[in-house]
Amino acid sequence: MNKKRITAIIMALCVCLSFCGAGWFDGTKVMVDTENNKVYQYRTADEIVSEFTANSKAAKTKYNNQPVLLYGQVVSVDKDGKNLTVTGLSNTSLTLECTCERSLRSTAKTYQTGTKVALYGSISVGLFTGDVYFTVDKFTALPASALSSDMYYLKDGTEYNKRNATKVTINNGGVEYYIPSTWVNDKIQHSVKDENLGTMEGYQYVLNKLSPADSVPESLFVCYFDNNSQLAFAGDSDETKLIEKAIVENILGNVGIFPTKRVMTYYGEEYNYYDGVFKNALEAGDGYRCEFIFRADGEDGIVVVLYVYREAKHLKDVLFLTRFLEVR
Amino acid sequence: MKRKRVLFLLAIAVLLVLAGWGQKKVELLSDKKLIDLSAAIGNCKLGADDMVQDIGKETPNPSATPVPMTSVTPKPTAKPTPKVTVTPKPDLPAKPRIQEIRVRGEQITYNYVPWPDLDILTAQLRRDHDERTTFRLVDDYAEAHVYREMLKLLSDLEAEIELKYTVE
């Protein structure tokens, strides 16, 4: 096959795919990116050490591969800063072997035996030895708010107090998620069904009206698509991807050819992700970016989290909400 | 030549299959919008009461307060809001609202945000007070003198402006 023929086929492929709304060449960054925006739970080394000492199997199930903001004291540091050993401030019966990548080693070397240290990273447990390891993502100063395991943090220090958040349930308690208490008012929270914003059970959160109010619309929706009451044919209830496509087509009016992206999260959940655009017929401009997260509820339904924005100013709130959403 | 024609048609067919032609479709029971984004975006447009709420709002001393969870948003632009037909919301009775004040140790938090200055917190409570709002004071291993001070503040506001509060 000569070069001209190959070039012609590739061009034909590109043209065909572009007519079908393909996003292969779309370099738009995923904003609701749970994998690159891990939520770290604050834990002291004393707590980790106590749990592993008391019941190592249960502690392994709880902590293995989980991101943690760890607070403890340094036992020793390698000469090159690659390895740091940390233990509890009061409970020193177990140590955690912390590994630092090259860019963190010069910081690691500044720590001495007995000094307190706060580390973003993730715990892993040796398969055969049961030793507890910690891969360091970042050194940090301990935040003033780090008082209990109700505190969670993004790596940039943005904090979230789960205890102060308000729990919301939909689908008769089958879906549970948490919102900041500042969202619990009529200006922000709107029932989709009751206020004639759609036919799904759930809520719209008008994020741009959080204080101070902003004129650029930004909304988050958390809704439940009930297969039993919203599908034309009950036999389609196991066709999750096609249902998701139908949902997107209904809401946006169009959908590209490619399937949703499957995401397996570090916290043990999985969801399908779709990225689209909504152009409001009543407004000029490029429209609103729409990021969908679909969490399947078996064959009963799908939880639809939809983030609609021009500027993702409340992205961190969306990330926390997504992290703690549970389908029971 | 015939072989080339067949190959060409096969390539077109493969491309069409990739494009999703002939793929099974799932039908929804109704054509109504699952989420009507046009109407929902209408909810996002600022009304007169959204502007009034911002006037005179004070923020806590930034040097003493950690960054709250919600992002800082820039001031609204001067661009005029385009005229949009908004789907009128049904008249709903005002929902009762509970605002939490939590005292933990010596720290006071109001709706999650720490407030180191009692005078500024008092001003905020006066602004947030209305008929449907009840303030809930929570003792979360509070230092006794701080808790008593907060309780006195609420009691004074109850006498002055009929602010409603409960203790937990």
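**View 1. Thr240(A) and the residues it touches.** Leaving out residues up to four places away in sequence, Thr240(A) touches Ala296(A) and Ile302(A); being in contact here means that the C-beta atoms, placed from the backbone, lie within 7 Å. This is a predicted model, in which local features need pLDDT of at least 70 and side-chain atom pairs count only at pLDDT 80 or more, while totals for chains, interfaces and linings use all residues. Residues are numbered from 1 along each chain as its sequence is written, and chains are lettered from A and ligands numbered from 1 in the order in which they are written. Is Thr240(A) exposed, partly exposed or buried? It counts as partly exposed, because it has 19 C-beta neighbours inside 10 Å. The cut-offs: buried takes 20 or more other C-beta atoms within 10 Å of a residue's own, exposed takes 12 or fewer, and partly exposed is in between, with C-beta atoms placed from the backbone. Gly298(A) sits 58 residues away from Thr240(A) along the chain, yet their C-alpha atoms are separated by 8.9 Å.

View 2. Thr240(A) belongs to H6(A), which covers residues 240–252. Helices (H or I, at least four residues) and strands (E, at least two) are DSSP runs, numbered from the N terminus. The end C-alpha atoms of H6(A) are 18 Å apart, which agrees with the 18 Å that its 13 residues should span at 1.5 Å a residue; the expected span is 1.5 Å times one less than the number of residues. Among the buried residues of H6(A) are Ile243(A), Ile247(A), Val248(A) and Ile251(A). Their cover includes E13, E15, E16 and E17 of chain A, together with helix H2 (37–44) of chain B. Just past the helix, Gly253(A) takes a positive phi of about 90°.

**View 3. The sheet of 7 strands.** This open sheet of chain A runs in the order E11-E12-E13-E17-E16-E15-E14, with antiparallel pairing; two strands pair if DSSP finds at least two bridges between them. At the edges are E11 (189–191) and E14 (261–264) of chain A, each pairing on one side only. Neighbouring strands are turned by 20° against each other on average, direction ignored. H6(A) packs on the sheet, and its direction makes about 25° with that of E15(A). For such angles, axes are lines fitted to C-alpha atoms, for helices over the stretch in contact, and angles run from 0 to 180 degrees between N-to-C directions.

**View 4. Strand E13(A) and its two partners.** What joins it to E12(A) (residues 201–206)? An antiparallel pairing over 6 bridges does, and Gln204(A) stands opposite Phe221(A). E17(A) (residues 301–309) is joined to E13(A) by 9 bridges, also antiparallel, with Val222(A) partnered by Val305(A).

**View 5. A sheet of 3 strands.** Here the order is E9-E10-E18 in chain A, an open sheet with antiparallel pairing. E9(A) and E10(A) (residues 175–179) pair over 5 bridges, and Lys167(A) has Tyr178(A) as its bridge partner.

Key: Two residues are in contact if their C-beta atoms, placed from the backbone, lie within 7 Å.
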